[in-house]
Amino acid sequence: ICEVPLKTCSNNCSSHGACAISLVVSGEPIETCLNGDSHCQVTCTCFRGYSGDSCATSESENLEKQNTREQFVASLAEVIGLSSTDTDETVVALVSMLFQLSQVTSELSIPSCEGLVNLVRVALENAAAQELSYTDITNLLFVLDQCQAVAINHEVEQSDDRRALRANNDTVIFVEEVLLSD
């Protein structure tokens, strides 16, 4: 008899977290998730002081990575402020850089997401001016999704964090308006 194995969390959450099983769409907890089932997922819920997909990163290591990411975003914002983004190639390059900077959610912080959201606005404004296609800017939605996840994961307790979340939501509305105007 063949049995389909259960999905398991990466590296057993490095013994620094608990494996959570849930439905992909709703996030509702479930009991089991079989390999090959695209309707469910397993994720590590890290214990305090740990983060990452497998809870292998300590809080101090993650803070260092977040600080580095913040510096990258700030440097990119400075370069964009000093340069011209009036060609298709420079806008597409900016979209690509933003996409790359937002790949690892655990390395993003509220300040880095504020910077990313501002740069998404710049990219969208220039993409609209250059009349770029949706496919050229679709990765910006990923950037916004990542920052939305960061805001939610930080439990948005302080008013500054709430402003960042509202700014993110305003940008999502702006994205929809740009896309719908095509």
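Buried means under 20% relative accessible area, exposed over 50%, and partly exposed in between (1.4 Å probe, protein chains only). This is a predicted model, where local features need pLDDT of at least 70, side-chain atom pairs count only at pLDDT 80 or more, and totals for chains, interfaces and linings use all residues. Residues are numbered from 1 along each chain as its sequence is written, and side-chain values use heavy atoms, with hydrogens and water left out.

Start with the cysteines. The structure holds 4 disulfides (a disulfide is a pair of cysteine sulfur atoms within 2.5 Å). Counting bonded cysteines along the chain, the pattern is 1-3, 2-6, 4-5, 7-8.

Select C9 and C19. Their sulfur atoms sit 2.1 Å apart in a disulfide. C9 is buried at 10% relative accessibility, whereas C19 is partly exposed at 38%.

Next, select C33 and C40. They form a disulfide, S to S 1.9 Å. The torsion about the S-S bond is about 85°, which makes the disulfide right-handed. C33 is buried at 2%, and C40 is buried at 3%.

Move to C46 and C55. This disulfide has an S to S distance of 2.2 Å. Its torsion is about -95°, so the disulfide is left-handed. C46 is partly exposed at 25%, while C55 is buried at 0%.

Finish at C113 and C147. C113 is buried at 5% relative accessibility. C147 is buried at 2%.
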